[in-house]
Amino acid sequence: MSDECCENVRAESLTRIYHYLDGELTTTEIREISVHLEHCPSCHDEYEIEALLKELVRRSCSREEAPMGLREKIRQRIATEQAVWPGAGA
């Protein structure tokens, strides 16, 4: 698959990645996404970013407050996503 395979449906792809990371899919859906991630560099890169972000948030939640650097990165990521895909967060 090309790097552009999911560009036209990026919001949907991100939603599927979020559900995949959160373990909210059926066994069949998990298998389909796993295969897709193996063959789609664009989606795999997005998965890696989201998995890292999720892990950073998880580790930071053991403290009362997230470190300022992490909070700023999350704010920047949200702002970037909203600017590029205004309807994706709705």
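Guide: Let us begin with a definition: buried means under 20% relative accessible area, exposed means over 50%, and partly exposed is what lies in between, computed with a 1.4 Å probe on protein chains only. What you see is a predicted model, in which local features need pLDDT of at least 70 and side-chain atom pairs count only at pLDDT 80 or more, whereas totals for chains, interfaces and linings use all residues. Residues are numbered from 1 along each chain as its sequence is written, and side-chain values use heavy atoms, with hydrogens and water left out.

Visitor: Why is Glu-50 called buried?

Guide: The relative accessibility of Glu-50 is 6%, and the limit for buried is under 20%, so Glu-50 counts as buried. This residue is found in helix 3, where a helix is a DSSP run of H or I with at least four residues, a strand is a run of E with at least two, and both are numbered from the N terminus.

Visitor: What is Glu-50 in contact with, leaving aside its neighbours within four places in sequence?

Guide: Contact means heavy atoms within 4.5 Å, and by that rule Glu-50 is in contact with Leu-14, Ile-17, Tyr-18, Leu-21 and Arg-77, once the neighbours within four places are left aside.

Visitor: What makes the pair Lys-54 and Asp-22 a salt bridge?

Guide: A salt bridge is a side-chain nitrogen of Lys or Arg within 4 Å of a carboxyl oxygen of Asp or Glu. For Lys-54 and Asp-22 the closest N and O atoms are 2.4 Å apart, and the pair forms a salt bridge. This pair links distant parts of the chain, with Lys-54 in helix 3 (residues 41–60) and Asp-22 in the loop between helix 1 and helix 2, 32 residues apart.

Visitor: How many salt bridges does a search of the whole structure find?

Guide: The search finds 7 salt bridges. One of them joins the side chains of Arg-75 and Glu-72, at 3.8 Å from N to O. Because Arg-75 and Glu-72 are 3 residues apart in helix 4 (residues 68–84), about one helical turn separates them. Arg-75 counts as partly exposed at 46% relative accessibility, and Glu-72 counts as partly exposed at 35%.

Visitor: How do you know what to call the arrangement of helix 2 and helix 3?

Guide: Two packed helices are described by the angle between their axes and the distance between the axes. Axes are lines fitted to C-alpha atoms, for helices over the stretch in contact, and angles run from 0 to 180 degrees between N-to-C directions. Helix 2 and helix 3 pack at about 110°, with their axes 6 Å apart. Angles under 35 degrees count as roughly parallel, over 145 as roughly antiparallel, 65 to 115 as roughly perpendicular and the rest as oblique, and helix 2 and helix 3 are therefore roughly perpendicular to each other. The contact is made by His-36, Leu-37 and His-39 of helix 2 and by Pro-41, Cys-43, His-44 and Tyr-47 of helix 3.

Visitor: Is Leu-70 buried or exposed?

Guide: Leu-70, which is found in helix 4, counts as buried at 10% relative accessibility.
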